[in-house]
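Visitor: Please take a close look at one part of this structure, the packing of a pair of helices. After that, go on to the charged side-chain contacts and the nonpolar surface.

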Amino acid sequence: MKIVFRIVLLAALAALGVWLWTVLFPHPEKVIHRRLTELARTVSSSSNESDLTRLAAARSMAGFFSTNVEMNVDLPELGQHRSMDREEITRVALMARSRAGGLQVKFPDINITVAPDKQSAVADLTVEARVSGERDPIVREMKFTLQKTEGQWLITRVETVRTLS
């Protein structure tokens with residue numbers, strides 16, 4: 001009976017150790033997925049936000065990006081291809097939040113490919129944005145390139161993926 005108890009105790013300790021390892025050192029894909037989901041939540045806004053809330057959210061959103069980000073997106077506000085720093089990202093985010101009364105952003109499918117060195121990654125995803133007052137959502141295929149900098153995954157490049165349709 002003592003042997004069975006010890007084996008069960010050893011198995012429970014091993015399972016606890018594996019669980020603790022995955023909590024303390026999660027796989028990069030899981031960290032990036034969580035970070036991108038948090039970005040979508042940060043970008044989303046309601047129509048009754050105060051100006052201070054908009055500013056705080058715009059600054060928070062800029063924290064998801066590297067100091068210099070290469071943008072190649074198909075949005076009229078950003079143009080076609082440009083490099084932006086965090087201040088410009090904050091300014092564009094603040095302008096977009098002010099224009100759109102309410103905005104709900106989701107990334108329904110995120111596919112992440114981590115480089116073998118685990119210091120960079122590419123996330124292919126669909127951006128689904130619903131602007132309040134608009135009937136149809138805005139849907140875009142995007143590609144985000146991320147770089148691990150000082151322990152954080154930061155977006156260094158954003159581009160719109162051209163589809164055949």
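Guide: Helix 3 (residues 51-62) packs with helix 4 (residues 86-99) in this predicted model. The crossing of helix 3 past helix 4 is right-handed.

Turning to the charged contacts, the whole structure has 4 salt bridges. One of them joins the side chains of arginine 157 and glutamate 70, with an N to O distance of 2.3 Å. This pair connects distant parts of the chain, since arginine 157 belongs to strand 7 (residues 152-160) and glutamate 70 to strand 1 (residues 65-72), 87 residues apart. Arginine 157 has a relative accessible area of 22% and is partly exposed. Glutamate 70, at 30% relative accessibility, is also partly exposed. Both residues belong to a network of salt bridges that links Glu70, Arg157 and Glu159.

A salt bridge is also formed by glutamate 128 and lysine 106, whose closest N and O atoms are 3.8 Å apart. Glutamate 128 sits in strand 5 (residues 120-131) and lysine 106 in strand 3 (residues 103-106), so this contact ties together parts that are 22 residues apart in sequence. The two partners fall on opposite sides of the cut-off for burial, which is 20% relative accessible area. Glutamate 128 is buried because its value is 18%, whereas lysine 106, with 49%, is partly exposed.

Arginine 135 and aspartate 136 make a salt bridge as well, and the closest N and O atoms are 3.8 Å apart. Here arginine 135 is exposed, with a relative accessible area of 72%. Aspartate 136 is exposed too, with a relative accessible area of 51%.

The nonpolar surface is the remaining topic. A nonpolar patch on the surface is formed by Phe5, Leu9, Leu13, Leu16, Trp19, Leu20, Trp21, Val23, Leu24 and Phe25. Together these residues have about 1,100 Å² of accessible area. Valine 23, one of the patch residues, is located in helix 1 (residues 2-24). Valine 23 has 46% relative accessibility and therefore counts as partly exposed.

Technical notes. Residues are numbered from 1 along each chain as its sequence is written. This is a predicted model: local features need pLDDT of at least 70, side-chain atom pairs count only at pLDDT 80 or more; totals for chains, interfaces and linings use all residues. Side-chain values use heavy atoms; hydrogens and water are left out. Patches are made of residues with over 30% relative accessible area and no salt bridge: like charges are joined within 9 Å, nonpolar side chains (Val, Leu, Ile, Met, Phe, Trp, Tyr) within 5 Å. Accessible areas come from the Shrake-Rupley method with a 1.4 Å probe; for residues, only the protein chains shown count as cover. Helices (H or I, at least four residues) and strands (E, at least two) are DSSP runs, numbered from the N terminus. Buried means under 20% relative accessible area, exposed over 50%, partly exposed in between (1.4 Å probe, protein chains only). Axes are lines fitted to C-alpha atoms, for helices over the stretch in contact, and angles run from 0 to 180 degrees between N-to-C directions. A crossing is left-handed if the near helix is turned anticlockwise from the far one by less than a right angle, and right-handed if clockwise.
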